[in-house]
Amino acid sequence: MAGSQWELPPELCCRPMAFVALTGLDVVYNAVHRAIWDSFCANRRADRVPISFKVLPGDHEYPKCRTKRTSYEWYIPKGILKTGWMNKHLNLVPALVVLFYELDWDDPQWKEKQSECATKVEIVRTSLQSRNTKVAVVLIQKKTPLPPGEDLVASERASALCNACDLSGKSLFVLPHTDHLVGYIIRLENAFYEHAQTYYYTEIRRVKSHKEFLNKTTHQLLFVRHQFKIAFFSELKQDTQNALKYYKTAYSLIHELRAHETNMLEIKTMAGFINYKICRLCFQHNTPLDAIAQFRKHIDLCKKKIGSAELAFEHAAWMSKQFQSFGELFDEAIKLGLTAIQTQNPGFYYQQAACYSQDRKQLAQQLCQSGTSYPSPDPLDTQSGVLDFYGQRPWRQGHQSIDPPDAEKEKTGILALQIKERGVPHSELIIALLSNAVAQFKKYKCPRMKSHLMVQMGEEYYHAKDYTKALKLLDYVMCDYRTERWWGLLTAILTTALRCAYLMASVKDYIIYCMELLGRASTLKEGQKSRIEKNLIKVLMNEVPDAEPECDPSSVSSARSLWNDRMALAGLNEFTIEVQDYIPFIQCKAKFHSPSFHVDQPIQLQVFLRADCPHPVTFNKLAVSLSNQEYNQWCVVESSGQESMSLLPGKTKCYNFSFVAKTEDVGKKIEVSHVMLGSVRGRCVFLSWRGAGGDAASTHEALQASRSSRRWGRGIEMRQELDWDSLTVQQSTMIISRVPKISVQLSHQPPALNNEMYCICLTIQSQEESVAKDVKLTAGLKPGQDATLGQTTHVTLDGSKVCDDTAPALLPDVPLGDLKPGEKLERCVCVRCVSTGSRVFLFHVAYSIDTSVEGQQIVCKCHKDETVTIETVVPFEVSVKFVSTKFEPLERIAVDIPFLLMTDILSSSPWPLLLASSSLQLLTMTSNTPQLQSQLQEVVLQTGECASECFCLRCPPLTSSINTVATGQYLISWKRYSATADSPLIQTTITLPHIMLETVPLYIHADLPSFGRVRESLPVRYHIENRTALVQEVEMAVEPSDAFMFSGLKQVRLRILPGSEQQILYNYYPLMAGYQTLPQLNISLPRCPTTNSHTLRRFLPHRIFVKPQGRQLDDASIAAA
Amino acid sequence: MAVCIAVIAKQNYPLYIRSVPTQNELKFHYTVHTSLDVVEEKISAVGKSLGDQRELYLGLLYPTEDYKVYGYVTNSKVKFVIVVDSSNTSLRDNEIRSMFRKLHNSFTDVMCNPFHNPGDPIQSKTFDGIVSGMMVQTG
């Protein structure tokens, strides 16, 4: 392959390792030897010493050493570095030759074997001649050796062997062939490694020693050569720091060489080699910045060293290779853990390499035109088939003077190179480099760089005539440039793509690219657009288009025949092109007149078309597909026969469609799913816009138009001309039901009262011109409110009785019959709200009606909704209290002693309430009065008024010892005062509170008149009842009082049997008028000390009203009156 | 002096791009476009450490063999890109900065024009003049 001329030699690119030759091993037939050899070469990981081993026969001929030069005085070097040198020291001249020999210390034939071994060593020595290569002997033994010093025979025989073989003791090794082979081998190779290092050290010293013989005028090449050699030996010695130092010296020396056309290639080649080594070592030392700096320096120094102008492509090839190999080194370092960044990654070097390869291609195309036949004899042939020195011309090897020795030879040589260059697959090289770069840029987040390189790849494929691949790549990136709106670049890519499509005769691609190149995003000049449009029209007419400019003439003629074939095929003539993602030359925007239409209105749809190309465009068919396919038939324009519709450049054309929606579609959306524009002449091409038109660029344009300040400046006079950019697409429309022409009115008296049958009257009046049929009412709680409201709200149509909990919250579809025009209908709905709070009620009146739209009879369903929010409040508040017969509030009730229950009803309703009746349902308690009668019958309560009731009750003695009892319920029947007579009464039940009970041992009460009179006797009888099961002893005393005189027992002590009663009578004689405290009765129970006089006195009246003494009415005065 | 000056919208499409007429215009378009990779990366890197005042001048974006590309991003994410010849070593960082500042001032003037619709390509003679002053004079 011709490109390989520029490849770096493998011996340069590998990591130099000490070369050690192993002899005396029979790895084919001897299993023991085989095992030894395998241990040497298997598992050579990084922790093993860097040695490359080779098995050689004992009598192997090593490269001969040239006789040492004693003087350099007359020596003129022929080149910088011999091509074989690196390989020689890597693979041919060992640093150490190791002779393996099977010999145990106690071998019976020791003498013979010793001399045989010595002979073998001698053979090796001879073949190495004057080289400094070390020789070592390894004895393969069957027995494990004793520790050193213990085996006297061994040490004695070892020194004898060393003497016989002329070896130092350090060069004799023993390898026991036992279990731990690998361990022994590793120890052996470490010893070998030391020997090898010594060898390379002496080699370095040897090369350095030449320096003093050199002079600067004639031996400049040798300075470079020696530094290179020292560096290389240092590398073999694994002394990379020094190697780097010497390579750097070599590099600076090489640029001191006198450069001229004849040796330019040699200098550049060697500079490239040394630069490679330096960069490689810098990366290895983890100093990537040094590597980059060195490479930059190298490029800057060599960029201008073009050399022979006729072979300028060689320079480009070399430059390309420099960048490529640096990129590879960089990439390799990254694989070993180096981190690269976006702006400094191998991609840039691959890209630059590709760039130079492109230059190379161009230069080759310019320079390699002449010369048809390859010169003979081949000037590039050398006797050995290879060059002696790197970078020299085969026809004048070793020649170092400024002018070429033979001008004629030089000419044929250059010609041969030029002709050879013609055969180089440049595009392939460029594409390979570009794709390397693409991979790198992808990794380092450079999408645009990646796209750019892909464009270059596409272009290169185009040049290489691989149009399919070119189009694939270009198509892929076009989209990126389109979304980023870089029209200039998009146009350039499209132009290349169009050429590819033309040369491939790919009709559909050709049409697509033409379309976009004619579109508004294209930056082409008017003239070019015009030419493209003419071509497009030709293709549409099924004719062969004209060739694209700048196409290779030979490709054009083959393309033309391809087109002719294509045209002949009739079958492939129909295309549908989805233009949504392009920026085609025809713009389309579809628009419903309104975002919603009533079902009794015709739906109006407009399609706007506009051509951006320089010449008018004609088409035959415009069709809109809608989400409901049934409407599609109404949205087609098709020109009949020869006349076709046309679009003028820059003018907007509008097509109107109108159709009637189906009544089933009420509540549904109609969407434009496609707009198709077709031309059916010769070739059938449909442009199809997904959705309602618009393309890759229109969103942005619409946004810009909406921001534009210019829009405001345009007055009404501009209205005639539609502003295309501010036209907005309306892709879908909603079909909504017809506007109802009925009125629904509600009358009611809010707020609703808790539990009442709240009446809402509905008045429906028709304003339709024909009969409204199937009028249906849905009334009740509007769905979607709090879920608990549904359970606490009941709706019924029957207002005559209180509905129960089974009544629903929403009454659906109550049929109301038909409604004639102007007719009025009333309906009452009763609502019972069990809980307070606000509720939203819905009244939905639906009906159907016959109507006509554009002559079509349709049945429309209409409905009218009314909602009302109603607050529910409590009608009244009831409070209950227990009091004693003295109207003192009670905390506990004494068993079997009468008390009072008092109820207060406070109206909180804004409307007057009629309390029909009230009643008590007693539990435990009994009434103290013969019959309980409501005191509230037919009472009317206004807002804020209060009605009270009082009941005298008694708690019968209880057997159980419960001290809290339920008292029962209080029932109130009521309704609104304004309600009609037949409206039902509402029962409200109030649960009476629980009350605590107590028992009293002694019940003392008194019989006394309701009032007394001054100086009139007032008899009071005290009843003392024993409520216990014991005989009670009672002490009683009456305290004196200022207001009363009295007669009776002042102090008494009596006994009362269980369950019986004693009576004591006093006669009080009031002395003062007004409220007077009665004489206090002191009672004590000596047997029951816990009850004091105070608790016993509780039931006794405290005071009494004493009337003043009336004037004595004598009979005379009566008579006078 | 610059060989190419470009103004790029927030959405990364060109608002203005001008290069010396002697060379391949398309190549500059590609150079400017690819430099946006680095600009985007730099902007997003700043966004992560919120709070610190962002320096508008982004410095050298990336060096190519032939050109140096410098970037500048306004607070409204409009990008300025200046391409100079690699061989032009006399230009210092400070001079590039002042070029950007001049460009920014002129751009602000363009935006202040009530008849300019932000987002539309820049068609201003004054701006053109400023740019011409910064370009390499050929001819």
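This is a predicted model: local features need pLDDT of at least 70, side-chain atom pairs count only at pLDDT 80 or more; totals for chains, interfaces and linings use all residues.

Biologist: Which cysteine does C761(A) join in a disulfide?

Modeller: A disulfide needs two cysteine sulfurs within 2.5 Å. Here the S to S distance is 2.4 Å. The partner of C761(A) is C828(A).

Biologist: How many residues apart in sequence are the parts that this pair ties together?

Modeller: C761(A) lies in strand β20 of chain A, residues 757-766. C828(A) lies in strand β24 of chain A, residues 824-833. The pair therefore ties together parts that are apart in sequence by 67 residues.

Biologist: Is C828(A) buried, partly exposed or exposed?

Modeller: Buried means under 20% relative accessible area, and exposed means over 50%. C828(A) has a value of 29%. So C828(A) is partly exposed.

Biologist: How far from C117(A) is the nearest cysteine sulfur?

Modeller: C117(A) is in no disulfide. The nearest cysteine sulfur belongs to C165(A), and that is too far for a bond. C117(A) is buried at 0% relative accessibility, and C165(A) is buried at 2%.

Biologist: What kind of pair do Y462(A) and Y467(A) form?

Modeller: Y462(A) is buried, with a relative accessible area of 8%. Y467(A) is buried too, at 11%. The ring centres are 5.9 Å apart and the planes stand at 50°, so the pair is tilted.

Biologist: Which residues do ring pairs link into a cluster with F228(A) and F232(A)?

Modeller: The structure holds 47 aromatic pairs over all chains. Ring pairs link F228(A) and F232(A) into a cluster with W85(A), Y199(A), Y200(A), F233(A) and Y247(A).

Biologist: Over which ring does the charged end of R485(A) sit?

Modeller: The arginine belongs to chain A and the ring to chain B. The charged end is 4.9 Å from the ring centre. The ring is that of Y13(B).

Biologist: How far is R1103(A) from the ring centre of Y1075(A)?

Modeller: R1103(A) lies over the face of Y1075(A). Both residues are in chain A. The distance to the ring centre is 4.7 Å.

Notes:
Residues are numbered from 1 along each chain as its sequence is written. Chains are lettered from A and ligands numbered from 1 in the order in which they are written. Side-chain values use heavy atoms; hydrogens and water are left out. Helices (H or I, at least four residues) and strands (E, at least two) are DSSP runs, numbered from the N terminus. Buried means under 20% relative accessible area, exposed over 50%, partly exposed in between (1.4 Å probe, protein chains only). Rings of Phe, Tyr and Trp (its six-membered ring) pair if their centres lie within 6.5 Å; planes under 30 degrees apart count as stacked, over 60 as edge-to-face and the rest as tilted. A charge sits over a ring if NZ of Lys or CZ of Arg is within 6 Å of the ring centre and within 35 degrees of the ring normal.
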